[in-house]
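Me: Could you take a close look at the part where the two chains meet, and walk me through it?

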Protein chains: 2
Amino acid sequence: MNAARPDVVVVGGGLIGCALAAELAVRGRSVTVVDRAEPGSEASGAAAGMLTPQSEARVRDPFFDLAVESRGLYPAWARGLEEETGVDVGYRRTGLLHCRLEGDAAGAPAEPFAWQRAAGLAVLARRREELSVEAGGRLSHDVRDAVLFPDEAVVNPRPLTRAVWLSAVRRGAVVRTGTAVLGFRIEKGACRGVDTEAGPIEAETTVDAAGAWAAFNGRLPFTLPVQPVRGQIVELALREPLATIVSSDEVYLVPRPDGTVLLGSTVEFVGFEKAVTAEAVARLVAAALRLVPGLGSARFVTAWSGLRPGTPDGLPVLGASPVPGLFFAAGHFRNGILLAPITARILADLLTDGPARDLTPFSIERFAPVLRIA
Amino acid sequence: MNAARPDVVVVGGGLIGCALAAELAVRGRSVTVVDRAEPGSEASGAAAGMLTPQSEARVRDPFFDLAVESRGLYPAWARGLEEETGVDVGYRRTGLLHCRLEGDAAGAPAEPFAWQRAAGLAVLARRREELSVEAGGRLSHDVRDAVLFPDEAVVNPRPLTRAVWLSAVRRGAVVRTGTAVLGFRIEKGACRGVDTEAGPIEAETTVDAAGAWAAFNGRLPFTLPVQPVRGQIVELALREPLATIVSSDEVYLVPRPDGTVLLGSTVEFVGFEKAVTAEAVARLVAAALRLVPGLGSARFVTAWSGLRPGTPDGLPVLGASPVPGLFFAAGHFRNGILLAPITARILADLLTDGPARDLTPFSIERFAPVLRIA
């Protein structure tokens with residue numbers, strides 16, 4: 001059976017694992033994705049779905065360029081997935097309005113983003129009196145001014161992950177859910193697949209795309225510094241939906257097409273504990289009310305948390321590992337949804353055509369990994 | 001069929017309606033309870049379950065005496081229900097610790113409750129340094145002092161309502177769920193049952209126990225001033241359960257045997273809208289954190305709201321109506337769970353033995369109801 005000895009085994013069936021499988025399958029490679037749960041069960045299904053590289057960047061670096069490139073892939077990727085699978089993945093170029101409240105840093109609001117303008121990206125300063133258009137007059141009187149990033153966008157991660165799963169399967173990839181990976185098969189110093197609860201899956205090439213679990217609790221043949229970073233989200237339902245993402249330094253509000261809004265998020269180092277806490281819910285809602293007071297009467301729908309794969313420098317781990325045959329699509333921290341299409345393309349290029357793109361900034365080598373076995 | 005012409009039809013299958021049916025059935029009356037939903041679907045299932053007449057009372061009046069009497073019925077009622085139905089209804093005499101925070105009213109903490117002591121009830125003042133025993137040292141440093149009411153208790157309203165439902169059925173009452181009452185059958189100036197979606201139910205005696213819906217939107221033959229008053233509750237899960245109910249002037253924390261705690265509640269006049277709002281969730285949690293800061297790391301489980309049956313003076317409406325054959329067990333506002341056993345007993349006494357107890361303070365006559373038909 002194809003699944004027993006595919007060309008590539010992808011460990012982790014989140015958005016990135018499935019996107020890579022779909023990309024490899026369309027290039028004629030046989031691929032098996034293996035995961036203990038269904039696609040979307042973990043961080044891919046918990047994300048808010050912001051495709052917003054600009055509003056949080058303060059310097060231009062290879063990561064920024066990667067993120068903007070990936071955002072640029074989204075319109076065609078989303079359209080293609082919808083045509084292929086019939087799933088509406090909720091891609092919308094909503095723009096993002098980053099607000100400064102009384103007490104925030106002084107100076108011209110768009111000044112920290114001047115370098116983005118120089119790079120040809122849209123950054124629009126907004127005075128208080130200009131804001132009623134974008135936010136429907138609902139912003140707090142404490143909002144002093146804002147910066148509008150009109151090209152920032154959103155996607156709905158749960159249907160997106162299902163669509164990418166369907167796409168991978170439709171193209172011939174095998175997605176084995178309900179099957180935990182127990183370890184990596186190392187033969188003569190090279191990785192030749194994985195051992196799972198359901199037996200071995202042998203493959204020339206193995207890709208670790210296991211999100212917050214990518215370090216495999218020490219069962220990799222070297223140290224991968226990826227750890228879970230909890231993020232909590234509150235979902236509210238509004239009578240009148242927000243037209244754009246609205247954020248402050250404390251919180252972001254992500255509109256969904258169905259009229260709900262997601263309030264995010266926390267950054268917590270609490271291990272693999274996926275709980276929603278009282279304090280986070282109260283803090284997110286309070287911060288949202290400081291920005292849009294009318295949200296007080298919004299209906300509280302639910303709250304959840306997810307575990308992002310954090311790295312020491314916040315950058316992903318992409319490409320080759322110290323062990324031949326083993327590759328990474330890991331450590332995407334807060335940008336897994338945004339970086340999914342570019343990650344799938346980069347890894348598929350690397351695995352089908354060999355090294356071409358400079359992945360040095362994202363290589364595991366930056367952490368000087370120590371091999372435990374040769 | 002018994003259900004078609006019972007002695008008594010009870011409109012409303014909440015805790016009070018079912019409790020009355022069980023009480024009438026055991027006295028040999030045939031009873032049909034009719035409700036559009038299952039017992040516990042509305043306020044009975046949404047309540048926190050505090051059996052706490054003392055901590056909110058500031059004067060001795062007939063209502064206070066009624067509430068303390070009903071609290072006194074609970075231990076035997078709960079034990080009997082558990083023996084009869086096998087359902088653990090969660091009755092516990094936990095006590096209630098009412099805390100004063102910095103900035104609250106001055107004076108000796110137990111002073112406003114001196115009249116309760118005079119009436120023979122337990123009221124214990126607690127200085128700050130004495131509080132570590134009851135609350136496990138978890139109270140905020142802003143708690144100045146407190147009053148402990150050791151006889152206040154809790155019950156778990158959802159299993160309680162199911163147990164009372166089971167008890168009523170076991171004793172021979174008929175509980176017709178999924179059947180909305182359309183109107184009251186008035187013949188020669190007397191009420192002779194109700195019309196429902198599933199046809200008429202004729203009965204010598206009709207009892208309106210329909211909670212927030214008891215006014216029947218004007219379809220009663222006179223005006224009953226009962227309106228919905230929304231209350232919201234947040235449920236958190238703690239590592240170490242609270243031993244006692246803890247409250248401030250802003251919030252109460254009700255411990256559940258499974259280690260969760262309920263934070264309540266709001267008092268909102270918003271009609272029949274049962275939503276949970278962002279603001280209420282944030283406010284309840286913030287008030288709870290002011291009292292017990294360690295709750296910040298508690299797991300947020302869920303939140304819900306219920307519609308209490310409010311009256312202009314906050315007192316229930318019990319006993320006869322201006323129309324012969326029609327009686328009330330209605331308008332229990334924030335005390336429906338607490339007053340359920342005494343209400344069932346009073347109404348059952350009235351319907352089987354005739355007037356004995358003075359119900360003047362709780363009579364609908366205090367609202368001078370105007371008959372619309374004779």
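Reply: **Where chain B meets chain A**

B:Arg239 makes a salt bridge with A:Glu273, with 4.0 Å between the closest N and O atoms; the term stands for a side-chain nitrogen of Lys or Arg within 4 Å of a carboxyl oxygen of Asp or Glu. The count between chain B and chain A is one such bridge. Bear in mind that this is a predicted model, where local features need pLDDT of at least 70 and side-chain atom pairs count only at pLDDT 80 or more, while totals for chains, interfaces and linings use all residues. Residues are numbered from 1 along each chain as its sequence is written, chains are lettered from A in the order in which they are written, and side-chain values use heavy atoms, leaving out hydrogens and water.

Now the wider interface. Six residue pairs, both at pLDDT 80 or more, are in polar contact across it (N or O atoms within 3.5 Å, one able to donate a hydrogen and the other to accept it; residues adjacent in sequence count only if both atoms are side-chain atoms). H7(B) has the largest share, six residues.

In total, 18 residues of chain B are in contact with 18 of chain A, meaning heavy atoms within 4.5 Å. The two chains bury about 1300 Å² between them, 70% of it on carbon and sulfur atoms; that is accessible area (1.4 Å probe) lost on being put together, summed over both.

Notes:
Helices (H or I, at least four residues) and strands (E, at least two) are DSSP runs, numbered from the N terminus.
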